[in-house]
Structure formats: C-alpha cells, structure tokens
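This report describes the fold, the packing and a few selected residues of one protein chain. The sequence and the model come first, and the description follows.

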Amino acid sequence: MASLGIQMLASALALMGWAGAILSCVMPLWRVRGFVGCTIITSQTIWEGIWMSCEWQSTGQISCKPYQSMLAPSSDLQAARTLTVLAILTGAAGLLLAFIGGKCTRFLDDAPGRSKVMVALAAGGVLIAAGLLLLIPASWTAASLVSKNNSSFTMNIERREMGASLYIGWAASVMLILGGALLIGSSCPLRPPVDDERSASAVRYVALESLESVKT
C-alpha cells in the first residue's frame, strides 16, 4: 500500500509538472524588456515568448503578435521552443507509460514476468528526461539574460529581466524529475518477490508440520 501511495504521488507530481511545461510554453513571458531611463517611470514593457511578443503600455493596453518568421526570436528562444515542445511530448509519453504501468490499473496484469514493473521504470526514466529537457532552455535563457545585463554599462539602456515562464519552467522541471524518481523508487520495492514469499511460507509450513509430528 505504501508503494501504491508513492506511485500515485509521483503521478500527480508528473501531471502537474507536465501542465506547468505547457503553461510555460504558451505564456509570452520568457523575457521582459522595459525602457528604463533616468526616471523611475516605465512607459512601455515588452514581453517576449517563444511564439509571440506582447507590448504593454502604461495606459493598460496590451497588444500581442506572433513572430513573422521561425528565425525572428534570438537563438536561445529558438532552442527553447524546440526543447520545450520535446519536453511536453516526452512528458506525455511518460504519463501514458505511468498509467499503463501503474499498480492501480489492470493493464499488463496477465503479462509474463515483470513487464508491468519494467513499464513503470521506463515511465520514470522518460519523465526525468522530460524534466531535463525543460530545465535546459529555462536555465539557458536565464544565463543569457544575466550575461547581457552584466555586459551593459550605460545608464539609459533597455533592461531585460526574467519572466514568469522561466520560474514556471523551473518548478515544472523539478516536479517532473521528482515524479520520475519517485516512480522508479516505488517500482523497485525492497521486499522480496512473491515467489520467495511463497517459498518461505512453504518452508515454515513444513517445519510446523514436522514439529507437530514429533510431538505426537
């Protein structure tokens, strides 16, 4: 029962991480640009995502438009687009395998050997891979932003800051990796296999039967 609870927790974490990956992908908040000058008033802010960019005016008006070309965003955002989509697809495959190999489902119950356990182990590995695929673009974009900001020495510049999509991507990647690790751990219990338990029960039964025959 303990391994079943851990497996359900792992599936819930993986599902939330996969949803976070989708949210990070569609939100145009990977980078935030604000025109900062000598005053503290920012007249407009530009949000940059991997699919579109949005412009927010101080009047509250927001206008978004998709990129005109696949090469329009910078190289880090182009790589983030590819890796994030791969992370979402990989996470979906991992969730499907986790559902098939779950202890609360009836799939592969009649399969020979430890087929269901192997499917659950594969699901954990796939989910960990999905988390790493999401962690790489978020960290790459953040490192690129820090590098560009540190290389700027002028007072009146266009500052770029990390957007909410990066934080969501980091949290989602941690959930996917943790869910995959828990799924692997719950699929490899420390208790002996069923055949060993039956053998031990048979030995105890023979020993008790022999003891009773000696008494009589």
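## Basis and overall layout

Helices and strands are taken here as DSSP runs, a helix having at least four residues and a strand at least two, with numbering from the N terminus. The model is predicted. In the protein there are five helices and five strands. Read from the N terminus, their order is α-β-β-β-β-α-α-β-α-α.

The protein has 216 residues, of which 33% are buried. Of the contacts between residues at least 6 apart in sequence, 64% link residues at least 24 apart.

## Record annotation and helical segments

The unreviewed UniProt entry carries the feature "transmembrane region" at residues 6–30, 79–100, 120–143 and 164–184. In the model, residues 79–100 are 100% helix and 0% strand, with 32 Å between the end C-alpha atoms. Residues 120–143 are likewise 100% helix and 0% strand. The C-alpha atoms at the ends of this second segment, 120–143, are 35 Å apart.

## Nonpolar cores

The largest nonpolar core contains 14 residues. Trp 30, Ile 50, Leu 134 and Leu 166 have the most contacts inside this core. Two or more residues each are contributed by helix 1 (2–26), helix 2 (75–100), helix 3 (115–150) and helix 4 (164–187). Another core, of nine residues, lies apart from the largest one and includes Ala 10, Ala 14, Leu 95 and Leu 127.

Which residues does Leu 134 touch, not counting those up to four places away in sequence? The list is Ala 21, Thr 84, Ala 87, Gly 169, Ala 172 and Ser 173.

Ser 24 is a residue of helix 1. Its relative accessibility is 0%, so Ser 24 counts as buried. With neighbours within four places in sequence left aside, the contacts of Ser 24 are Trp 30, Ser 165, Ile 168 and Gly 169. Trp 30 is also one of the residues with the most contacts inside the largest core, and Gly 169 is in contact with Leu 134 as well.

Ala 80 belongs to helix 2. Ala 80 counts as buried because its relative accessibility is 0%. Beyond the residues up to four places away in sequence, Ala 80 touches Trp 30, Ile 50, Pro 137 and Thr 141. Between Ala 80 and Ile 50 there are 7.0 Å from C-alpha to C-alpha, although the two are 30 residues apart in sequence. Trp 30 and Ile 50 are both among the residues with the most contacts inside the largest core.

Strand 2 covers residues 44–48, and four of its five residues are buried. Strand 2 pairs with strand 3 (residues 52–57) in the antiparallel sense, over five bridges. The hairpin that joins strand 2 to strand 3 passes through three residues. Glu 48 has Ser 53 in strand 3 as its bridge partner.

Strand 3 also runs antiparallel to strand 4 (residues 62–66), again with five bridges. Here Ser 53 stands opposite Lys 65 of strand 4.

## The aromatic pair

How many aromatic pairs does a search of the whole structure find? The search finds one. The pair consists of Tyr 167 and Trp 170 in an edge-to-face arrangement, 5.6 Å from centre to centre and with 80 degrees between the planes.

Tyr 167 and Trp 170 are three residues apart in helix 4, so about one helical turn separates them.

Note on methods. Residues are numbered from 1 along each chain as its sequence is written. This is a predicted model: local features need pLDDT of at least 70, side-chain atom pairs count only at pLDDT 80 or more; totals for chains, interfaces and linings use all residues. Side-chain values use heavy atoms; hydrogens and water are left out. A nonpolar core is a set of buried Ala, Val, Leu, Ile, Met, Phe, Trp, Tyr and Cys residues joined through side-chain atoms within 4.5 Å. Buried means under 20% relative accessible area, exposed over 50%, partly exposed in between (1.4 Å probe, protein chains only). Contact means heavy atoms within 4.5 Å. UniProt positions are given in the numbering used here, feature names are shortened, and annotations may be inferred rather than shown by experiment. Rings of Phe, Tyr and Trp (its six-membered ring) pair if their centres lie within 6.5 Å; planes under 30 degrees apart count as stacked, over 60 as edge-to-face and the rest as tilted. Two strands pair if DSSP finds at least two bridges between them.
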